[in-house]
Amino acid sequence: MRTDTPPTISRHDYQPFPYALPEVALQLELDAARTRVTTRMSFERAAGELVPLVLNGQDLSLESVAIDGVPLGPDAYELHDEMLVLHPQARRFTVEIVSTCCPEANSTLMGLYVSGRHLFTQCEAEGFRRITWFPDRPDVMARYRVTLQADTAHYPLLLSNGNLLSQRDLGDGRHEAVWEDPHPKPSYLFAVVAGDFACREERITTRSGREVLLQVYSDHGAENRTEWAMDCLIRAIRWDEARYDLELDLDRFMIVAARDFNMGAMENKGLNVFNSAYVLADPATATDATYRAIEAVIGHEYFHNWTGNRVTCRDWFQLSLKEGLTVFRDQEFSADMLAHGLQGAAAASARAVKRIDDVSALRIAQFPEDAGPMAHPIRPESYQEIANFYTATIYEKGAEVIRMQQTLLGREGFREGLDEYFRRHDGQAVTCDDFIAAMESAYIRRNPGRDLQVFRHWYSQAGTPRVTVRMQHDPQAQTCTISLSQSNPPAGIELLQNPPATKPPLHIPVAIGLLSPTGAVVLPQGAQPHPLGAPGTLLLELTEAEQSWTFHGVAERPVLSLLRDFSAPVIIDYARPDTELALLARHDSDPFARWEAGQELARGLVLGRVQAQLNTAADLLCDTWAALAQDTALSPAYLARVLTLPAQRELIELTTPMEPQAVVQVHRALTQELGGRLQDHWVRLYGAMADDPATPYSPDPDSAGRRALRALALTYLLAGGHPQAAQWAMQHYEAATNMSERMGALNALATWGPEEVRTAAYQHFYDMWQDDPLVIDRWFSVQAASPFTGVGEVQALMLHPAFSLRNPNRARSVIFQFCMNNPGNAHSAAGYAFWADQVLALDALNPEIAARLARAFDNWARYTPALREPAREALQRIVQHPTLSRNVAEIVNKSLS
Ligand code: ARG
Ligand code: ZN
């Protein structure tokens, strides 16, 4: 066990930094083995009295410290493990520090590190302190001037934030570049890239008429795979101008692809660094989903330039201020791209596809987090290691909390609030309270006498609230009364509080609709439909523990369409007959709620079979799906979502105690049943959705939707045992003219294919793509998640020469895929032991990635008893390891408490 339990940092202990730091000059003598950094900082004490100057540093060697040019002896400062304390006497003074770090020994991928032949930095959240001694906190904003020197042949390109001021040859085989960023920024937005890259560039004119240079850098040889990234960047710039009137504020905007990267990407000012998986795409190597993911991440990082960089976070407890808001913005961007050129119901259904995917992701990743030991509010109260709080809650639930504000304010009101936020806070480091206060000013203008006081509790409560619905219909009076009640019992750390946390009610926007027994829209007398919703949408604002609404002029007992467009991140409890769900699945005017009704029908069937061991017949689900499969008004992309069962991970989370094995079995059996009983439909769709091989590949939503639906049909045909399915799958694989089709077939084979066909396809795929790391990641992933891959097989995959623990994408493609996406095999004593081994092995190299893996079985305490014990033993083994990082220590200690 680590002897030093990591200290807990609390939100309420925030103190402003006692110095201003207007200017920083950095000089980096870049070298993979030893980089020398000279840092000049001009400080100005804020208050009157003398106060020590505390600087952060990690894994650095200190060469010298001087104040106002006078070198300090070792007695004049205190050097701790991660802190350097100086005692300046003047009010204004300059500190000059020389230190070194070792990029090639840095396997954490935080700070300055080597990837391929290049050098990269990653500073968010606390990586800058691995580059130099510095007040490494987001509320210290400075203007940076950066001088880079390096070997010219090895590092011909030297990049940093802002504008390139000068370049010169130093004569000794080395050269220098000087960059200046005109915008004051926190250290986490600093970046340096050095190396030899190919560059794609474009010049565009921003809305106000400024010409800007856009560049996408990649490894040589990959430049023909950056066209889509550039296209996404330009569309993101245009979208932010049009929708929010926000313009690019730099003369140059750069994106660089890195092979080794801990996360998706990073919004460094003017110099975004990306995981190459979110930059590189061409039809032969990227799937439709990859194209969309690149669009989302490029949008996300670009949108941070305003929501994150121009207005940043005061402290890391406010992380969702920038992340929740920016995820919301990238979701809206993606939805608008899907709906481009469409009108009315077609546009709504295109946007719903994005909403469905986002809500599914929320249920798979965030709901379990909110129901486990790491549950935290979107604005956490405390942490031990901030890197552990880049969570689905901060990001995805954070985005839902922003979306609810748009629902409550309307699009225009939301825009007014956002404008006010920038008016008040441009150039500042602020809090979530500042954001909501700006939104509230717009809300009050539109809703005199009301405010967002109750809404604010979304920022301080963990847990997924449950909303229970009751409906009473009075045929005589023709009234319909809807009662909603909410509850959100203590979750995660709230459970450990003494006295227990009190959790006041939340302000929950519940969008509903009323349908007649034949599925027509019912609009009660005098009811005002919500402008953002599908026809007949009513918005109920639940702000108390329990409330009722009575509607008039409702002659027949209506069927309720609930939580339209997923208007709040809650769980709805409403007991109703399956026939109502089937009606909604066929007729709801809200495409999200319509999809949800079908999912609810399937969830009920699976959970009934798992928990009550009811062998409920799937007749109603089959009939409903058969009808939907023939509904030609539905787009292929939407239909593909409708005809997909809820994910195993989502279903496992809904069982009490959690029964992963039983869920996997029932899920597979039901897939086979649907495959067989709806065989004619799958055969028809499989034929109808075939691509015309003469048409060049395009990732547009319609083509992508057709490919997704065709691959789904193939999966069902294989599952259902159609005699020709294996042959079709192999043909599908071999005839594929793009990676999407190829992966569609390979995934189907990996999940359902006969062994010889499966292994032949794996072998062929490897032979074809062995030199392409991003494609080989797919090859590893598909095998690691296959139900035919047990612990022995995944260990064999790790012995493959192409496997490496040091590359996060590769570790994710094998270890994470197995532990998170192969529940039938991972949930076993051997699976948990494998997991513990890998957490420890990764922790020695990369604590941030190790801590993510350490969360794979967060909710072990709710497992069925036979799994609980081996899971606890595996966790105990991790906790008892003598050298755990702060990252992993925090996760496993919380998991066992
Ligand atoms: N701000 C980045 C993003 O949302 C995430 C960076 C976090 N990086 C990390 N190593 N924890 O796009
Ligand atoms: Zn972000």
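Over residues 26–189 the chain is 0% helix and 54% strand, with the end C-alpha atoms 14 Å apart; helices (H or I, at least four residues) and strands (E, at least two) are DSSP runs, numbered from the N terminus. For this stretch UniProt, in an unreviewed entry, lists "domain: Aminopeptidase N-like N-terminal"; such annotations may be inferred rather than shown by experiment. The model is predicted, so local features need pLDDT of at least 70 and side-chain atom pairs pLDDT 80 or more, while totals for chains, interfaces and linings use all residues. Residues are numbered from 1 along each chain as its sequence is written.

Zooming out, the protein holds 25 helices and 32 strands. Its C-alpha atoms fill a box of roughly 90 × 70 × 60 Å along the principal axes.

Now for one helix pair. The axes of H7 (residues 578–587) and H9 (residues 619–629) come within 10 Å and cross at roughly 10°, the axes being lines fitted to C-alpha atoms over the stretch in contact. The two helices are therefore roughly parallel (angles under 35 degrees). Asp-578, Ala-582, Ala-585 and Arg-586 in H7 meet Leu-620, Thr-624, Ala-627 and Leu-628 in H9, with contact meaning C-beta atoms, placed from the backbone, within 7 Å.

Key
Chains are lettered from A and ligands numbered from 1 in the order in which they are written. Axes are lines fitted to C-alpha atoms, for helices over the stretch in contact, and angles run from 0 to 180 degrees between N-to-C directions. Angles under 35 degrees count as roughly parallel, over 145 as roughly antiparallel, 65 to 115 as roughly perpendicular and the rest as oblique. Two residues are in contact if their C-beta atoms, placed from the backbone, lie within 7 Å.
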